[in-house]
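The sequence and the model are shown first.

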Amino acid sequence: MPHEDLDVLAANAAFYRAFAERDLGAMDALWARAVRVACTHPGWRVLHGRDAVMESWRAILDGPDAPDITCARESVIPGDGMAVVVCVESLRGGSLAATNVFVREAGEWRMVHHHAGPIAPGGDMGGDDEPPPFLN
């Protein structure tokens, strides 16, 4: 796996660590500041702009019902100065498909978009095999 993909996966892991530890400061540090951001939590409308996105994370992470979430089956789709991570989020009651988009900002990978939603019943996002060739 290319070194840059490993760096993107490290940023993705930091996102889920901040979520699991309910660390708003770490979550804030992961989101881009120089470009527009957006976020779609499961069942929510699309949130546009850093203020709205960070307020949503504040509400989730400070709330008594913040879900315990783990990330698995990450796959990196690289681009020019950006990268997309597609993964499966596991939480009590089921799994979600997630897409996390990162850009290079000040030499670091910063998140610009997170979208998570339910996986169709019986859906498994391709099994435990390698992702399809177009995702590598």
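Helices (H or I, at least four residues) and strands (E, at least two) are DSSP runs, numbered from the N terminus. On that basis the chain contains three helices and six strands, and their order from the N terminus is α-α-β-β-α-β-β-β-β. The model is predicted: local features need pLDDT of at least 70, side-chain atom pairs count only at pLDDT 80 or more, and totals for chains, interfaces and linings use all residues. Residues are numbered from 1 along each chain as its sequence is written, and side-chain values use heavy atoms, with hydrogens and water left out.

**Burial and contacts**

Buried means under 20% relative accessible area, exposed over 50%, and partly exposed in between (1.4 Å probe, protein chains only). Of the 136 residues in the chain, 38% are buried. Contact means heavy atoms within 4.5 Å. Among contacts in the chain with a separation of 6 or more, 46% join residues 24 or more positions apart.

The table lists the accessibility of selected residues.

| Residue | Relative accessibility | Class |
|---|---|---|
| Cys39 | 0% | buried |
| Cys87 | 1% | buried |
| Ala116 | 3% | buried |
| Thr40 | 9% | buried |
| Asp80 | 81% | exposed |

**Helix packing and the nonpolar core**

The axes of helix α1 (residues 3–20) and helix α3 (residues 50–62) come within 10 Å and cross at roughly 50 degrees. Axes are lines fitted to C-alpha atoms, for helices over the stretch in contact, and angles run from 0 to 180 degrees between N-to-C directions. Angles under 35 degrees count as roughly parallel, over 145 as roughly antiparallel, 65 to 115 as roughly perpendicular and the rest as oblique; α1 and α3 are therefore oblique to each other. In this contact, Phe15, Ala18 and Phe19 of α1 meet Trp57, Ile60 and Leu61 of α3. By class, the contact of α1 with α3 has six nonpolar, no polar and no charged residues. Here Ala, Val, Leu, Ile, Met, Phe, Trp, Tyr, Cys and Pro count as nonpolar, Asp, Glu, Lys and Arg as charged, and the others, Gly among them, as polar.

A nonpolar core is a set of buried Ala, Val, Leu, Ile, Met, Phe, Trp, Tyr and Cys residues joined through side-chain atoms within 4.5 Å. The largest such core has 34 residues, and Phe15, Met27, Trp31 and Trp57 have the most contacts inside it. Elements that each supply at least two residues of this core include α2 (24–30), β3 (69–78) and β4 (82–91). The largest share, seven residues, comes from α1. Leaving out residues up to four places away in sequence, Trp57 touches Phe15, Phe19, Leu24, Met27, Trp31, Cys39, His41, Asp62 and His114.

**Cysteines and selected strand and loop residues**

How many disulfides does the structure hold? A disulfide is a pair of cysteine sulfur atoms within 2.5 Å, and the structure holds zero disulfides. Cys87 is in no disulfide; its nearest cysteine sulfur, that of Cys71, is 3.4 Å away.

Ala116 lies in strand β6, and Thr40 lies in strand β1 (residues 38–40). Apart from neighbours within four places in sequence, the contacts of Ala116 include Thr40, His41, Pro42 and Glu89. The C-alpha atoms of Ala116 and Cys87 are 9.4 Å apart, although 29 residues separate them along the chain. Asp80 is in the loop between β3 and β4, and its C-alpha atom is 9.0 Å from that of Val103, 23 residues apart along the chain.
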